[in-house]
Amino acid sequence: MIYIHIPFCKQKCSYCNFHFSTSLALKDDMLKAIHQEIDLRHLELENKRIETLYFGGGTPSLLKVDEINRIIDHCAQYYDLSNTLEITLEANPDDLTSSFLRPLSKSPINRLSIGTQSFYDTDLRLMNRAHTSGEAEDSIKRAQDFGFENISIDLIYGASEMDIWKNNLNKAIKLGIPHISSYALTVEPKTALANWIEKKKVMAPNEETQNEEFFYMSDFLHQNGFQHYEISNFAKPGFLSRHNSAYWQGKAYLGLGPSAHSYNGKAIRSWNIANNPLYIKSLAEGKRNFEEEILSEKDQINELIMIGLRTLKGVNYQYILQTFSEELLIELQSLINEKLQNGFLIQEGDFLKIPQKHWFLSDGIASDLFLL
Ligand code: SF4
């Protein structure tokens with residue numbers, strides 16, 4: 001898997017703490033640096049047959065289609081993309097114009113992940129999104145008209161009351177969207193939203209409403225033919241995200257671009273510097289500016305549990321039993337037994353999973369199992 005981070009956005013959404021810049025002044029230098037990083041790190045991934053490629057950000061739809069194609073072509077010099085089943089572009093609704101979609105529909109991009117967030121202007125203003133409700137809907141219809149079938153939209157719940165949330169979900173169904181990623185509106189430190197709440201300009205998201213909206217969404221989408229395959233992700237059959245699924249299975253991935261994370265599939269995780277000028281400078285000098293951590297056995301177990309318990313399938317406990325040292329497993333087994341007895345975990349074959357009614361508590365359940 002290859003992930004490419006494009007660190008530019010038109011404006012700063014009120015809730016966002018991702019790495020990006022709202023100035024495009026360094027865009028050409030950034031693209032050059034990403035190409036340099038492709039050359040510099042092409043030996044890192046052992047498996048040269050790439051199953052998925054993912055342009056995330058930031059806002060990758062701020063690139064021209066030619067610029068996207070050149071990155072894909074450059075990857076193809078080192079990797080076998082002939083069987084790459086999924087090439088995703090994250091796109092914002094206001095970028096999905098006909099003049100962008102026309103060449104994009106002829107490019108290797110075969111999946112769009114659209115940052116819709118809501119079909120309501122009140123929500124979109126609260127989130128300081130760059131698009132309107134009209135653009136949210138039109139962009140999806142336009143992408144479909146240009147032949148994109150594999151479309152995911154992001155929707156944020158907990159931003160407004162239940163009626164609006166229900167209408168948002170209805171709209172997604174009417175538009176024939178096959179994949180939805182949905183996250184609660186969260187208040188990250190140092191964001192505009194945190195500031196507005198502190199100054200009492202807007203209300204903080206209500207946890208109870210978020211809880212109700214989450215369970216409503218889960219039931220509603222299930223009734224409409226979606227599989228709730230990860231806490232935040234829903235898909236019609238055949239439309240599960242291959243990229244994210246591989247990530248949740250602990251497969252190796254290469255992350256290119258500032259702030260992008262990489263994982264060797266064993267015990268080494270690294271992340272590029274989250275600073276555009278410094279990222280560009282180091283690549284121009286033929287070096288990668290990054291940090292790295294070696295995961296201990298405990299870290300690896302904790303991570304498998306944390307990621308696996310967010311999925312419908314659960315965590316492969318048999319794999320953990322076969323892979324890690326006995327002394328750690330004795331401690332883990334007693335923590336697991338307690339959760340099994342309390343009904344917060346169930347065992348299905350080799351897998352341990354959280355019953356769906358407790359998914360909203362999954363982070364807490366997983367952290368109770370962490371080996372310290
Ligand atoms: S478009 Fe995405 S990455 Fe950019 S500010 Fe908004 S939420 Fe953050």
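This is a predicted model: local features need pLDDT of at least 70, side-chain atom pairs count only at pLDDT 80 or more; totals for chains, interfaces and linings use all residues.
## Helices H6 and H8

Let us begin with a pair of packed helices. Two packed helices are described by the angle between their axes and the distance between the axes. Helix H6 covers residues 162-174 and helix H8 covers residues 207-223; they pack at an angle of about 25 degrees, and their axes are 11 Å apart. Angles under 35 degrees count as roughly parallel, so H6 and H8 are roughly parallel to each other. H6 passes H8 in a right-handed crossing.

Which residues make the contact? On the H6 side they are Met162, Trp165, Lys166, Leu169, Asn170 and Ile173. H8 brings Glu212, Glu213, Tyr216, Met217, Phe220 and Leu221. Sorted by class, the contact of H6 with H8 has 8 nonpolar residues, 1 polar residue and 3 charged residues.

## Helices H1 and H10

Next comes a second pair. Helix H1 (residues 27-40) packs with helix H10 (residues 276-284) at an angle of about 50 degrees, and 9 Å separates their axes. H1 and H10 are therefore oblique to each other. The crossing of H1 and H10 is left-handed.

From H1, the contact takes in Asp29, Met30, Ala33, Ile34, Gln36, Glu37 and Leu40. From H10, Asn276, Tyr279, Ile280, Leu283 and Ala284 take part. The contact of H1 with H10 divides by class into 8 nonpolar, 2 polar and 2 charged residues.

## Around the ligand

Now look for the ligand in the model. What surrounds the ligand? Its surroundings are made up of Cys9, Gln11, Cys13, Tyr15, Cys16, Phe18, Phe20, Gly58, Thr59, Asn92 and Arg129. In this shell, 6 residues are nonpolar, 4 are polar and 1 is charged.

## A sheet of three strands

The last stop is an open sheet of 3 strands, in the order S13-S15-S14, with antiparallel pairing. Which strands stand at the edges? They are S13 (315-316) and S14 (346-348). Each of these edge strands has a single partner strand, so one side of each is left without a neighbour in the sheet.

Methods
Residues are numbered from 1 along each chain as its sequence is written. Side-chain values use heavy atoms; hydrogens and water are left out. Axes are lines fitted to C-alpha atoms, for helices over the stretch in contact, and angles run from 0 to 180 degrees between N-to-C directions. Helices (H or I, at least four residues) and strands (E, at least two) are DSSP runs, numbered from the N terminus. Angles under 35 degrees count as roughly parallel, over 145 as roughly antiparallel, 65 to 115 as roughly perpendicular and the rest as oblique. A crossing is left-handed if the near helix is turned anticlockwise from the far one by less than a right angle, and right-handed if clockwise. Contact means heavy atoms within 4.5 Å. Ala, Val, Leu, Ile, Met, Phe, Trp, Tyr, Cys and Pro count as nonpolar, Asp, Glu, Lys and Arg as charged, and the others, Gly among them, as polar. A residue is near a molecule or strand if one of its heavy atoms lies within 4 Å of it. Two strands pair if DSSP finds at least two bridges between them.
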